[in-house]
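Please look through the structure shown below, with its sequence alongside, before reading on. The paragraphs that follow lead from aromatic rings to a helix.

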Amino acid sequence: MKNKNYERVEALFQRCLLKVMSIDLWKSYITYVRETKKHLPAFRDKMTQAYEFALGKMGLDIQSFQIWADYLEFLKTTEVSNAYAENQKIVAIRKVYHRAIILPIINVEQLWKDYSTFEQNTNKNMAKKLIDEKSKEFATAKRVSKEFEAITRGLVKGAPALPPHLTNLSQLQLWKRYIEWEKSNPLSTEDTLTLVKRAALFLESMSKVLSEKGDMQLGRELSQEAANVYERAVDGLLKSNMLLYFAFADFEESRMQYEKCHSIYNKLLLRDDVDPTLVYIQYIKFVRRAEGIQSARNVFKKARNDSRSQYHVYVAAALMEYHCLKKFGSNPDYVLCYIDFLSHLNDDNNTRVLFEKVLDQMPQEKSKQIWSAFLDFESNYGDLASLLKVEQRRNHINLEEYKGHQTALLVDRYKFRDLYPCSTYELRAMGVHVVPGGDFPVPPAVAYLMTQIPPPTCFVGNFVKVDDLLRCIAERPIPEQYEKEYTAKMSISEGSEINHSRGSKRSAADIENENSDEETTARPPRHDVYRTRQQRRQG
């Protein structure tokens, strides 16, 4: 921009502006529009569009104060020619103030002060009423801005993204804490648009909520925004992360974008650094749900022709064909046999009826295996809507236990036997450790401890059985040659002790007997007066 090479600047903006949510980048964009459009007759309109575009994307950023302030100053300096235009200008400025003073951004107090002055100068009679109407929302924004500063203290937002094995775990925990805070709706706003923009990481679920409420247009817009976020994720450092691809495919399936789902799975299958086995398994499940059993068989055929595929693909295909279920029931042995029988008959309806009946009667603390079996059943033989519905019911019933484990539960949805959609480093970064035994997920305290200790692979190796080693040493015969040498050395050592009181050598046997006597019976002193007198009396 300094060299006025605006063609290259515009090309750079096209590449990164909508992908890099940096407040400094968007300030540069506004400066670029101001410099390149100032000679145009419609300069004011172009600048207004640029400000609105920037604030639509970055207006909720805590550092966006300067963009708001510049926009307001730009509107205030706009020249008008008549009273009607003056009124329109005042209305436009007031609308921008009303949008800005309710946002938790740095220096929101200054915006409030400027707004109060603006209303006083515009109409003193109406000023108090207008200011009072917004005072409560401003107070909330001010409080939340302080909370935001506290919750993000230590968070390095400008740090580059790193692969999972290089991730700073302390920064990861700060990001998780910040995301949970955003999800809690700290502004307590009922403005759906503001809420979903602040919860941008959760656009998929928010678009569904909006569609259910009837706001179809906004729901579609946010749904497309969520798709864009997924596209960015799978094209970045996590481009080999199967979990992201599977979630992306499920999202597109929920929008009935089946061709897009095919392209997602095929894109992942083309990667040489990914084991395609689990990809084929999830692909088969999707195609069976969306297009039927024959299409699923075609995908299985493709998997068979792929030399990289492991035996798991055959197991998954067999389960799909034969509807073989696993665990179930308040009486596990009996009900498991019953479910197995129904699955062999391909009796989906009665299987679901049995699931519902048992879950209705079973105590919550015993139902975990049943829910897992139900989810497994829907994952293999149901549609996506049924799967999500059962998952939502399961999570609601076990709300406290599964709280904070959303990512771990997502991993559990896509894993197949010992195949996981993430690498060991990625699982560890998310607080998930693959260990044999136990229920899933582990308690929060244990999960945190597991993130601090080395993974199980560090403890694989040869370990000495101490008891067996000592037994082997004790039972091993000593060669005769070494036994004689040892005996001779001990005899010389024991016989070399000197009797210092007599100046002569004593044998080891004498020393041993003397020590033994001292331990058992105390010897009388040499000049024992008491004993001498007793002997005389007796004589």
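Does F248 count as buried or exposed? In this predicted model, F248 has a relative accessibility of 2% and therefore counts as buried, the cut-off being under 20%.

A search of the whole structure finds 21 aromatic pairs. One of them is formed by W112 and Y115, whose ring centres lie 5.9 Å apart with 45 degrees between the planes, an arrangement that counts as tilted. These two residues, W112 and Y115, are three residues apart in helix α6 (residues 108-122), so about one helical turn separates them. W112 is buried at a relative accessible area of 14%, and Y115 is buried as well, with a value of 0%.

Another aromatic pair, that of Y230 and F248, is stacked, with 5.1 Å from centre to centre and 10 degrees between the planes. This pair links distant parts of the chain, since Y230 belongs to helix α11 (residues 216-234) and F248 to helix α12 (residues 242-254), 18 residues apart. Y230, for its part, is buried, with a relative accessible area of 14%. Elsewhere, Y6, F13, W26, Y29, Y32 and F53 form one aromatic cluster.

Helix α18 (residues 348-361) has 14 residues, which at 1.5 Å a residue should span 20 Å, and this agrees with the 20 Å between its end C-alpha atoms. The buried residues of α18 are D348, T351, L354, F355, V358 and L359. Seen down the helix axis, the buried residues of α18 fall within an arc of 125 degrees, so they line one face of the helix. The face of α18 turned away from that buried side carries the exposed residues N349, V353, K357, D360 and Q361.

How values were computed:
Residues are numbered from 1 along each chain as its sequence is written. This is a predicted model: local features need pLDDT of at least 70, side-chain atom pairs count only at pLDDT 80 or more; totals for chains, interfaces and linings use all residues. Side-chain values use heavy atoms; hydrogens and water are left out. Helices (H or I, at least four residues) and strands (E, at least two) are DSSP runs, numbered from the N terminus. The expected span of a helix is 1.5 Å times one less than its number of residues. Buried means under 20% relative accessible area, exposed over 50%, partly exposed in between (1.4 Å probe, protein chains only). The arc is that of the directions from the helix axis to the C-beta atoms. Rings of Phe, Tyr and Trp (its six-membered ring) pair if their centres lie within 6.5 Å; planes under 30 degrees apart count as stacked, over 60 as edge-to-face and the rest as tilted.
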